[in-house]
Amino acid sequence: MLLRVNNLDAYYGDVEALHEVCLQVDSGQLVTLVGSNAAGKSTALNCISGIISQKKGEIEFAGQRIDHLPAHRIVEHGLIQVPEGRRVFPFMTVMENLDLGCYPKKTRSRKEENLERVFGLLPLLKERRSQMAGSLSGGEQQMLAVGRGLMAEPQLLILDEPTLGLAPLFVEKVFALLGEIRASGTTVLLVEQNVHMALAAADYGYVLENGKIVLEGTGRELLQDERLAKAYLGI
Amino acid sequence: MDGTLFLQLLVSGLLIGGVYALISIGLTLIFGVMRIVNFAHGEFLMLSMFAAFWLFHFTGLSPYLLAPLVILLLFAYGVAIYVLVIRRTIGSPMVVQIFATVGLGLFMQNAALVLWSGDFRTIQTPASTALLRFAGIQVSQSMMIASLVAIVIALILFAFMAWTYPGKAIRATVQDRVGAQLMGVNIDRVFMMTFAIGSALVGIAGALLAPAYPIFPSVGANFGLASFVVVVLGGMGSMTGALLGGFLIGVVETFSGFFIDAALKQAVYFLVFILVLVFRPTGLLGQRGAEEIGLK
Amino acid sequence: MDKLRNIIGKNQAQGAGGAGAPAKARDLRLKLGVLAVLLLLPILLQNEPYYQEILTFVFLWGAMSGAWNIVGGYAGKFSLGHAAFFGIGAYTSGLLYTKLGISPWLGMFGGMLLSVIFALLIGVVTLRLKGKFFALCTIAFGMLVEIMAVYLRGVTGGSEGLLIPYEPGFWNMTFASKVVWAYIFLALMLGVYGVSRWLDKSALGYRLSALREDEDAAEALGVNTLAGKLSSITISAAITALGGSLFAQYFLWLEPNFCVSLDLSQQFALISIIGGMGTAIGPLVGAAIITPLQIFLRAAFGSAASGMSMMIYGFLLVVVVLYMPKGIVVEVRDRLRARRTKAVAGVVEREVSNVA
Ligand SMILES: Nc1ncnc2c1ncn2[C@@H]1O[C@H](COP(=O)(O)OP(=O)(O)OP(=O)(O)O)[C@@H](O)[C@H]1O
Ligand SMILES: [Mg+2]
């Protein structure tokens with residue numbers, strides 16, 4: 001077991017955004033967390049990566065408690081989040097963005113290898129390496145954000161809605177990429193609103209509603225679940 | 001108008017401008033990265049001039065030799081002030097952001113008055129009055145040095161920002177604080193280092209100006225205001241802008257002092273300041289929307 | 001409009017504080033008591049010129065930071081150039097009186113008018129700037145006025161200062177008795193308090209608090225923010241100029257270095273911030289704390305350590321903005337209220353357990 005979240009509560013001021021969330025990610029798996037808008041998915045991810053510090057509960061990563069650590073220390077453990085909304089550094093080139101991906105000291109020495117791997121997965125980034133990230137198309141920015149995350153040699157790569165606002169063609173590309181990433185042995189935790197595709201690709205899934213986990217199971221089980229089908233798949 | 005006179009005025013203006021630029025680089029760095037206007041900036045300069053003075057007073061060594069020590073002292077002071085004051089102002093309401101450093105400036109200036117009295121002090125060395133002559137004009141050696149150092153520092157900072165990991169981490173923090181944290185950047189460290197480096201740069205300015213100017217508790221007031229003008233004119237956060245703004249203000253000051261009235265030269269650049277703030281708040285080289293990139 | 005109501009609602013809730021009728025009566029009694037003491041003090045201190053002076057300055061600086069508070073606290077626009085208005089008031093009436101023999105009672109209206117014109121100019125030019133940039137711009141305006149006051153030596157006496165002749169008489173607004181001055185400044189201070197209380201309740205006040213909380217949102221909701229800001233800065237400028245004119249006749253000596261200085265601008269702001277920005281009473285409490293402190297310190301350390309009081313000012317300002325950014329008044333009030341709520345809760349709890 002790579003990541004274990006136990007009884008996680010989170011607050012914005014006095015408002016509770018997460019209530020007793022429990023989830024697990026095993027090594028080598030692709031796990032997905034789905035739910036409608038404002039369910040608290042991003043909040044959960046930000047708690048895990050240490051961006052949100054006002055929280056209660058246990059978060060364990062690779063056998064170590066990380067819930068008290070600040071975000072930059074958690075990154076050093078190999079837990080990398082690709083944030084929502086393609087947050088690349090707009091006034092830096094593609095190359096500089098990738099450089100920052102391997103900011104943690106451990107990975108800096110292997111920058112060249114990592115770069116090769118990322119360019120192998122995303123040849124488009126190689127072409128655009130000296131272009132300003134802010135001038136890339138939305139889909140390209142998303143690819144860059146993922147590539148930047150991979151530069152840190154993640155043990156666990158967390159993605160927050162990587163397909164948001166992308167055209168179907170790019171959505172396919174993102175899922176293909178996730179498949180490859182997972183095939184190469186990197187564990188993935190994926191937050192998606194594209195419930196059908198996410199569950200189809202996932203080993204295991206959790207459904208979050210109003211800050212609570214309401215349903216969980218293997219991807220296939222959830223796909224066949226009636227309640228889920230009604231609520232999310234529009235069937 | 002006489003060609004030599006024109007050249008003399010121009011060169012004097014550029015040199016004063018170089019001094020302004022040197023003083024302003026630290027201010028613009030701190031603003032650019034942290035979005036904090038250090039209203040105590042002039043007092044940091046005053047402190048470093050006093051540091052240079054006392055070190056000179058006790059050791060008798062050349063102020064230029066003592067500069068590294070002054071820089072170190074100011075760096076340490078920057079760290080201390082960051083920890084005690086600045087850290088708490090980041091992301092706080094505007095009143096905190098403005099008046100914490102206003103209060104700090106008041107405190108520093110008057111603490112200097114209490115400790116060291118209002119007397120003018122000077123560092124008398126051959127270097128303070130040395131003049132360089134060429135093409136029929138003369139320039140002060142110490143100001144020449146200050147100007148050259150300003151240019152060199154701007155270049156070094158530029159290279160630091162462009163090509164080193166810490167530099168990139170700083171730029172990343174400016175563009176997206178959360179994003180930078182997710183890359184493993186310790187943004188509290190970035191802010192602390194930025195503030196300390198900004199203070200150390202003021203230390204350099206103080207050490208180089210100490211031989212050329214009288215030193216007294218309110219010496220920072222005018223220099224501080226001038227550096228606000230320079231930074232706003234050049235574009236808040238822009239290094240090259242600080243250089244350009246410095247030289248421009250220096251030249252404007254010298255020429256208006258000569259042609260209008262020496263007593264009004266400050267008025268002219270305050271007017272420039274207001275016009276820039278109102279009509280082109282990004283300054284000459286500032287980034288458009290720079291305010292939105294960092295925290296608002 | 002909902003958001004606007006939300007913003008305003010918050011303030012109203014703060015202001016009302018759930019006071020019932022008895023509490024209101026108690027409040028009124030307290031206020032009348034304080035007023036009575038204030039009215040008696042100048043007479044009681046008649047033979048204590050030192051304390052009399054402190055009292056007079058508490059009233060004056062309380063009034064002036066109250067005026068600053070109308071822009072800084074109510075509209076959230078932090079000016080660091082208010083000494084310019086003070087100086088314009090002081091010099092206009094002072095000069096009209098010394099050079100042309102025009103009574104300061106008339107001259108002060110001239111000062112207010114000039115000051116308002118200047119405020120409108122600054123307002124139109126700079127009020128769309130935000131936060132730090134507005135503060136920087138007002139510093140520049142203040143400096144311009146200071147430089148001109150020094151530069152126009154022929155008129156203002158430059159940095160040597162302007163001496164206003166001492167010829168007691170009502171029409172000259174020059175009084176032999178200091179008690180009169182204490183009452184004049186008390187009246188000014190109460191006037192400023194009145195204006196602030198009116199702002200607490202008026203439509204303009206709501207508009208200002210909406211734009212202070214979130215200028216863009218207020219604008220998007222159709223609040224005319226420019227009109228709000230302009231009204232607040234002109235009201236504030238007029239009062240500040242009036243204070244300047246009165247000060248000129250009280251002190252009979254004007255110096256750009258003091259009455260148009262950045263230091264003075266900072267003092268207006270910091271008294272208000274330390275006391276409690278955005279409240280009517282805050283600046284008055286601030287002045288009651290800061291001004292005596294300043295004068296005591298000056299007396300204690302003499303000119304040898306003239307920086308001592310300003311040093312402590314600066315220190316206080318840093319500590320207050322970092323640890324009680326709402327100012328002493330608001331912070332203390334919140335704490336008392338919290339305690340009272342707790343006490344009430346305690347009583348209820350005890351009663352409940354008694355019943356059980
Ligand atoms: N910084 C914040 N301050 C206050 N409330 C917040 C903040 N961020 C999120 N919330 C609230 O917390 C709840 C959960 O938000 P969150 O962003 O986690 O949802 P989400 O599941 O990621 O939604 P989406 O699919 O739209 O991204 C929402 O009601 C949101 O309004
Ligand atoms: Mg989200």
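Reader: Before we start, how are residues, chains and ligands numbered or lettered, and which pLDDT cut-offs apply?

Author: Glad you asked: residues count from 1 along each chain as its sequence is written, while chains are lettered from A and ligands numbered from 1 in the order in which they are written. The model is predicted, and local features need pLDDT of at least 70, totals for chains, interfaces and linings use all residues, and side-chain atom pairs count only at pLDDT 80 or more.

Reader: What ipTM does the predictor give the complex?

Author: The predictor reports two scores for the complex. The pTM is 0.89 and the ipTM is 0.91.

Reader: Of the two pairs of chains in contact, which share the most contacts?

Author: Chains A and C can be set aside, as they do not touch and their nearest C-alpha atoms are 16 Å apart. The contact between chains A and B takes 19 residues from chain A and 15 residues from chain B. The contact between chains C and B takes 33 residues from each of them. The pair sharing the most contacts is chains B and C.

Reader: Which element gives the most to the side of chain C that touches chain B?

Author: The elements giving two or more residues to that side are α5 (104-126), α6 (131-151), α13 (262-275) and α15 (307-323) of chain C. By class, this side has 26 nonpolar, six polar and one charged residues; Ala, Val, Leu, Ile, Met, Phe, Trp, Tyr, Cys and Pro count as nonpolar, Asp, Glu, Lys and Arg as charged, and the others, Gly among them, as polar. With twelve residues, the element that gives the most is α6(C).

Reader: Which helix supplies the largest share of the shell around ligand 1?

Author: The shell takes in residues whose C-beta atom, placed from the backbone, lies within 6 Å of the ligand. Among them are Tyr12(A), Lys41(A), Ser42(A), Thr43(A), Glu84(A) and Gln193(A). The shell divides into four nonpolar, six polar and two charged residues. The largest share, three residues, comes from helix α1 (residues 41-48) of chain A.

Reader: At what angle do α14(C) and α15(C) pack?

Author: The contact uses residues including Ile290(C), Leu297(C) and Phe301(C) of α14(C), and Met308(C) and Ile312(C) of α15(C). Its residues divide into six nonpolar, two polar and one charged. The axes, lines fitted to C-alpha atoms over the stretch in contact, are 8 Å apart. Taken between N-to-C directions on a scale from 0 to 180 degrees, the angle is about 145°.

Reader: Is Gly13(B) buried or exposed?

Author: Gly13(B) lies in helix α1 (residues 3-34) of chain B. Leaving aside neighbours within four places in sequence, Gly13(B) is in contact with Gly250(B), Val251(B), Glu253(B), Thr254(B) and Phe255(B). A residue is buried if 20 or more other C-beta atoms, placed from the backbone, lie within 10 Å of its own, exposed if 12 or fewer, and partly exposed in between. Because Gly13(B) has 22 such atoms within 10 Å, it is buried.

Reader: Where is Leu252(C), which has a positive phi although it is not a glycine?

Author: Most residues other than glycine have a negative phi. Leu252(C) has a phi of about 60°, and with 15 other C-beta atoms within 10 Å it is partly exposed. Leu252(C) is in the loop between α11 (225-251) and β2 (253-254) of chain C.

Definitions and conventions: Two residues are in contact if their C-beta atoms, placed from the backbone, lie within 7 Å. Helices (H or I, at least four residues) and strands (E, at least two) are DSSP runs, numbered from the N terminus.
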